[in-house]
Amino acid sequence: IMAISKVGLTTAVTGTLPIANGGTNLTSGFVNGGVQTPAFEAKMTGVSTAITEGALTTLTVYNSEDLDTDNCFDPSTGKFTPTTAGKYFIEATVLVDRGGSTMSDVYMAYLQIFKNGSSGSSYSKRTMFQHDMRNNGGRGFQLKASGIFDMNGTDDYVYTGVYLNTASNNDGTVNGESNYSWFRGFKLIGV
């Protein structure tokens, strides 16, 4: 049995932790080495973006960055281009809304995260989430997509796009309250 004394929040732990019964010592730090950066989180705060009905719209209005450890997220393009090669967990969520007074107009919407392009063979990977309610439409849907992406650390990038269909063929919006629409990711360690 090993006793562990209380460590304060500001106390750094260094050295080697002993392991009983002939195990291997564990050096302080991450088991597989590394840190989970670059990392970012960007939100749409106080802005919404129009989306054209029946067309894929690239989202470029993540105007508030809560985190961007290595300046790899560009809010003017909505792209995350990490400068360190590795596997990244990327996720996004958006609230797609028909807006106006029509309460049962939206019947399908989907959110996609693209790597390196968005059409034909120009993208190398994508992940998507689709919400389809063609027989029971609603005003809007909260959509969330996530995936693990291999990034080369030089020119690979990821970004989001959203698609909307309405019963009336009218355009919609992605609502820009900070807890409705955001995009974030970080480097995975140990993989």
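**View 1. Surroundings of Val-94 in the predicted model.** Apart from neighbours within four places in sequence, Val-94 is in contact with Leu-59, Tyr-62, Leu-111, Phe-141, Gln-142, Leu-143, Val-162, Val-174, Tyr-180 and Ser-181; contact denotes heavy atoms within 4.5 Å. This is a predicted model, in which local features need pLDDT of at least 70, side-chain atom pairs count only at pLDDT 80 or more, and totals for chains, interfaces and linings use all residues. Residues are numbered from 1 along each chain as its sequence is written, and side-chain values use heavy atoms, with hydrogens and water left out.

**View 2. The largest nonpolar core.** A nonpolar core is a set of buried Ala, Val, Leu, Ile, Met, Phe, Trp, Tyr and Cys residues joined through side-chain atoms within 4.5 Å, where buried means under 20% relative accessible area (1.4 Å probe, protein chains only). The core holds 28 residues, among which Ile-90, Val-94, Val-96 and Phe-183 touch the most other members. Two or more residues each come from strands S3 (39-43), S9 (86-97), S10 (106-115), S12 (140-151) and S13 (158-166).

View 3. Buried residues make up 37% of the 191 in the protein.

View 4. The mean pLDDT (the predictor's confidence in each residue, from 0 to 100) is 77, and 64% of residues reach 70 or more.

Methods:
Buried < 20%, exposed > 50% of the residue type's maximum accessible area, 1.4 Å probe, protein only. Helix = DSSP H or I, 4+ residues; strand = E, 2+ residues; numbered from the N terminus.
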